[in-house]
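I opened my notebook to write down, step by step, what I looked up in this structure.

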Amino acid sequence: MSEPRSTGGDLLVDVLRLLDVAAAFGVVSVHNLPLVEALHRDLRWVATRGEAAAVNAADGYGRSRDGLGCAVTSTGTGAGNAAGSLIEALAAGAPLLHVTGQIDSAHLGLGRGFIHETRDQLGLLTACSSWAATIGDDPVADFDRARSRLRAPLTGPVSLEWPIDRQYEAATGVLASGGDLASSPEPDDEGIEHALALLAEAERPVVWAGGGAIRCGPELDAFLDRLGAGLITSNAGRGALPESDPRVVGNFASAAHGAELLSAADLLVSIGTHFRSNETRSYRLGLPTHHIQIDLDPAALGRSYPCEVGIAGEAGQVLRRLLDTPNWGRAERSEWRSEIGRARAACRNQLEADIGPYAPICYSMTDVLGPDGLRVRDITIPNSAWGNRLLQITDPRTNIYPRGGGIGQALAMGVGASVGRPEVPTMVLIGDGGLQVQLGELSTLAEEQLPVTLVVFDDGGYGVLRNVQDQYLGHRFGVDLFTPDFAQVAAAFDLGYARVEAADQFHGAFSAAVDRGRPALIHVDCQRLGPMPKPFSPPVDLPEDTS
């Protein structure tokens, strides 16, 4: 971009345009005024009610577009408020630009108690980000470095703190056209050759796709077809291929029938998954002895499970190398394909039986949202029990949830996702406890008039932890909470409202809310709806003697 620029805010606008970011989220402050002024004037400024929500919203914006988002926060406490949401983006490897204010450079590090001052703010940001820096005398160069980090193969949130005196200075200089981008490692020939030998010998192969596989759908499709394999996914890998595909078992590795399929397999090809603890029964899930692991991060190879062959590289590139080699693959494996189909059906049938009245609600969501509607989900029983498995995902951009497992982030993620893709409906699936973490963001939702339908599953507290205590401890504490009157909450924030007390009421209420195309809240009364036949408890490790 060319000069002139009157303040650093103009530079930030130039940077975001180069990054194809049309909106920014945040809280205005005396220590970011020039930035917010320029963003409000030249792009879309979305005023969240808290800094944590600003980062969550920017994260949701980026995920919904398969791109990145931008959050702008204030100094000290404001930057601290953003930390938890930065940790979520870091856990997800989500590219996100976080720009936070800083006190005048003349007072930095002196500990005078300057307003909004905090000790070692850069250290805080470094701990919560993939990379962080203080903007100095050459902000153009600093932003070029940040852009290079954001475009790198392995990324996450990038944080820049900007002293307020430097924000007011004219930022001279020309931004690089693309930045010096880090390239993906070339797959090593020896690893490719060893993998080909294992692929040629396999009789019962399974592929496990994680978040690193969601951008290589065509290659993955061809690879499965040629290998005659079934596809298991992690939660992050959902949508790598549409879950309507009969070869896709889905996010059921730790379910009984998914584990049985893995036990019967003689080869596992894992692509871009880190085998998270909650998806592997805390690493006690059995995997085939023969294991080819493909991951962009060399440090991930063999880290959670042994691999006979580890190939560092971008998933699509590695799969293309394998597919370019002739004379391997047995796509006619009809008996194994039938076994894959049986496992797929058995996993879903068992889950339907386990969740009872929630199954028709799940299928109504799939039907009304269609393949393109955004499925934003908080950490709550309905999501953990069935939203992460049975709620069909066709496009990975629609699969938005807190991968780090933190409660209460979905509302702001849904706001950002809807800003990113306003042409499609957005659903936010959340619990009564999670909603209250960011209740103020209902103001943001109402102010922006986004096509977001909030589905609140109200069980009067922290249901996941309640079930853990009931199962393992035999008594409860800290889990039964005061619940607001959601009809009054909806009225206070000018949201459409419906109450659901039976499964057969949900489809009509949800369909009407989505069709109106404006913010709405559907209150699902879980007590009236009735319990799941099998209470959901997360896979947690507690000492055997908890008395």
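The entries below cover a sheet, a tryptophan and some salt bridges.

**Ground rules.** I am working with a predicted model, in which local features need pLDDT of at least 70 and side-chain atom pairs count only at pLDDT 80 or more, while totals for chains, interfaces and linings use all residues. Residues are numbered from 1 along each chain as its sequence is written, and side-chain values use heavy atoms, with hydrogens and water left out.

**Sheet.** I took helices (H or I, at least four residues) and strands (E, at least two) as DSSP runs, numbered from the N terminus, and I let two strands pair if DSSP finds at least two bridges between them. I found an open sheet of six strands with parallel pairing, in the order E14-E13-E15-E16-E18-E17. Its edge strands are E14 (399-400) and E17 (496-500), each of which pairs on one side only. I then followed E15 (residues 426-431) and E16 (residues 452-458), which are joined in the parallel sense by six bridges, and I noted that Gly431 stands opposite Phe457 in E16.

**Trp336.** I located Trp336 in helix H13 (residues 334-355). Is Trp336 buried or exposed? Trp336 counts as buried because its relative accessibility is 4%, where buried means under 20% relative accessible area, exposed over 50% and partly exposed in between (1.4 Å probe, protein chains only). Taking contact as heavy atoms within 4.5 Å, and leaving aside neighbours within four places in sequence, I listed its partners, among them Glu203, Pro205, Leu261 and Ala229. Ala229 is 107 residues from Trp336 along the chain, yet their C-alpha atoms are separated by 8.0 Å.

**Salt bridges.** I searched the whole structure and found 28 salt bridges, each being a side-chain nitrogen of Lys or Arg within 4 Å of a carboxyl oxygen of Asp or Glu. In one of them, Arg49 and Glu447 have their closest N and O atoms 3.0 Å apart. This pair links distant parts of the chain, since Arg49 is in the loop between E2 (44-47) and H3 (51-65) and Glu447 is in helix H18 (residues 441-448), 398 residues apart. Arg49 is partly exposed at 40% relative accessible area, and Glu447 is partly exposed at 48%.

I also checked Arg337 and Asp225, whose side chains meet in a salt bridge (3.9 Å, N to O). Arg337 is in H13 and Asp225 is in helix H10 (residues 217-227), 112 residues apart. Both residues belong to a network of salt bridges that also links Asp221, Asp245 and Arg247.
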